[in-house]
Amino acid sequence: MENGQIIQLLAGFYDVLTDEGKVIRTRARGNFRKNKISPLVGDFVEFKTAEDDTGYITSILDRKNTLVRPPLANIDQAIVVTACVEPDFSSNLLDRQLVALEEKHIQPQIYFSKTDLLNTEQVEHFQEISDYYQSIGYSVYFEPDAFSASNLKKLRNSFKDQLTIFMGQTGAGKSTLLNHIDPALNIETGAVSQALNRGKHTTRKVSLLPIDGGLVADTPGFSTYAVFEMDEYELKEDFVDFVHYAANCQFRECLHLNEPNCGVKKALDEGKILESRYQNYLQFMELIRAQKPKYKQKGYQKKTNRRKSK
Ligand SMILES: Nc1nc2c(ncn2[C@@H]2O[C@H](COP(=O)(O)OP(=O)(O)OP(=O)(O)O)[C@@H](O)[C@H]2O)c(=O)[nH]1
Ligand SMILES: [Zn+2]
C-alpha cells in the first residue's frame, strides 16, 4: 500500500503524487462508484501498484474540505487577489471571500494588485486597509510593485506543504500573478483571457502544479460569492476580528446586532473594528436570513457528503 495525493484527473485516470515525489497513473477501484464517492483532485489516497506499474486507488482519506468549482479537495490556503483599482476595490467583495474561506477552513492571504496605479493619497488609504487586515491575522501583500521580488518571495515561501488556490474577481490579476510565479505557465492574461476562466457554466478541469514544495491549483476557485453557505451563528465566527471582542458580550448567543452590552459594538464605537467590516457583516446577515430555506437544504447535502467520504 502506498500513499499519495491526486494532482490531476484525465480521462478516468488519476495521477497520484507519492510521498517520494513520483507521479503514478491510477484508476479508482469499482467500489467507489457503488458508494457514489468519486475521487477528487486534492484527495489523499491509498493505492496499490500492479506488476505492469499501473496503480489503482483503494481508499480515499477523510477530506478537510471540498470545492465544487473547481472540483477540489483538501484546500489549505487561498490567495485572494484583490485589485486596488481597475476594477475598483470593494471591501464587500473582499469580506465575502474571506468569510467563505473561513467557513471552509481555508486560510486566506490578501494579495493587492495594481498598486502601481495608485496616487499618494490612495496609497495611504490602502495602507490603512492593509494594516487592519494584517492586524487581525491575515497575511497581506501590499507593495508599490505588486510583483516585486520580495512580494513574490514571501508568497512562494508560503506554498510549502500547502494546497494553494487563487481567487479574486475577473481582471484582478490572478493569471498575471501566476505567470510571475512561474513564467513557464504562460497563461493568457487580459480581457480576453480564457486559460483561467473557462466559462462559468462548464465544468472546469483542474490540475495541481508542484511549486516550491507545495501544490498550486491552476484554476481559480469560487467564481461566485452570491450564496452564503452558513447560518448567522457561523457567520459571526467567520469574522475573525469579532471573535476576540465577543468575549465581552453580555449574552453568549449575541449576534452583535441590537443586543445590550455587546462587546463587538463597543469595540466598533471605540474604533477598534473597521467600520466597513461591521457594515458588511450586517449586510451578509440580512442576506443569510433571506436565503435561509435554501441554506438548510445545502447544509443537509454538505453533511451527507461529509459522512459519505468517511
Ligand atoms: N498596472 C497593472 N496591471 C495589472 C496588474 N495585475 C494585472 N494587471 C493587468 O490587468 C489585466 C487583467 O489581469 P489578469 O491577470 O488577466 O486578471 P485575472 O484575474 O486572471 O482575470 P480573469 O482571467 O478574467 O479572471 C491584464 O491586462 C493585466 O496585465 C498590476 O499589478 N498592475
Ligand atoms: Zn455582541
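This is a predicted model: local features need pLDDT of at least 70, side-chain atom pairs count only at pLDDT 80 or more; totals for chains, interfaces and linings use all residues.
Overview. Residues are numbered from 1 along each chain as its sequence is written, and chains are lettered from A and ligands numbered from 1 in the order in which they are written. The chain has 10 helices and 13 strands, taken as DSSP runs numbered from the N terminus (helices H or I, at least four residues; strands E, at least two). Of its 310 residues, 31% count as buried, with 20 or more other C-beta atoms within 10 Å of a residue's own; 12 or fewer make a residue exposed, and values in between partly exposed.

**Close-up 1. The annotated binding site.** UniProt, in an unreviewed entry, gives C249, C254, H256 and C262 the annotation "binding site"; such annotations may be inferred rather than shown by experiment. H256 sits in the loop between α7 (240-246) and α8 (263-269), and counts as buried because 23 C-beta neighbours lie inside 10 Å. Leaving out residues up to four places away in sequence, H256 touches K236, F242, C262, V264 and K265. C262 also belongs to the loop between α7 and α8 and, with 21 C-beta neighbours inside 10 Å, is buried.

**Close-up 2. Two residues with positive phi.** Most residues other than glycine have a negative phi, and most peptide bonds are trans. N74, in the loop between β7 and β8, has phi near 60°, and is buried, with 21 other C-beta atoms within 10 Å. N261, in the loop between α7 and α8, has a positive phi of about 50°; with 11 C-beta neighbours inside 10 Å, N261 counts as exposed.

**Close-up 3. Two cis peptide bonds.** The bond from R69 to P70 is cis, with omega near -5°, and P70 falls in the loop between β6 (66-67) and β7 (72-73). The bond from E86 to P87 is cis too, with omega near -5°; P87 lies in the loop between β8 (77-83) and α2.

Methods: Two residues are in contact if their C-beta atoms, placed from the backbone, lie within 7 Å.
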